[in-house]
Amino acid sequence: MINTIKSSGWFLVALITCPCHLFLLLPLIAGTALGSYFVEYKNVIFIIMGILFVFSLFNGWRKLNPEIKNETTKETTTHDCCSMERFKS
């Protein structure tokens, strides 16, 4: 349950920081100091928002399925091509 809430939060951050939504965000903050900074440094803001968007999507998917990380680490640590335990069963 808590992982679902955390992943929803990360996906909400991804929705807000998506660079394609910046055109919708600019009119909302127009006339503020933050809005003037966004207009002045549009290229830098696109890069920063893009990086934050990808980072939040990655964390959202990771929080949504935490078992995947555990399965891959278990699989790689127990896999041994020369292990006799594998052939005993």
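Biologist: Among contacts in the protein between residues at least 6 apart in sequence, what percentage join residues at least 24 apart?

Modeller: The share is 69%, where a contact means heavy atoms within 4.5 Å. This is a predicted model, in which local features need pLDDT of at least 70, side-chain atom pairs count only at pLDDT 80 or more, and totals for chains, interfaces and linings use all residues. Residues are numbered from 1 along each chain as its sequence is written, and side-chain values use heavy atoms, with hydrogens and water left out.

Biologist: Why is Cys-18 called buried?

Modeller: Buried means under 20% relative accessible area, exposed over 50%, and partly exposed in between (1.4 Å probe, protein chains only). Cys-18 has 10% relative accessibility, so Cys-18 counts as buried.

Biologist: What makes Cys-20 buried or exposed?

Modeller: Its relative accessibility is 52%, therefore Cys-20 counts as exposed.

Biologist: How many disulfides are there?

Modeller: A disulfide is a pair of cysteine sulfur atoms within 2.5 Å, and by this rule the count is zero.

Biologist: Why is Val-44 called partly exposed?

Modeller: Val-44 is at 40% relative accessibility, so Val-44 counts as partly exposed. Val-44 lies in helix H4, residues 42-64; helices are DSSP runs (H or I, at least four residues) and strands likewise (E, at least two), numbered from the N terminus.

Biologist: How many helices and strands does the protein have?

Modeller: The secondary structure comes to six helices and zero strands. Along the sequence the pattern reads α-α-α-α-α-α.

Biologist: What percentage of the 89 residues is buried?

Modeller: Buried residues make up 19% of them.
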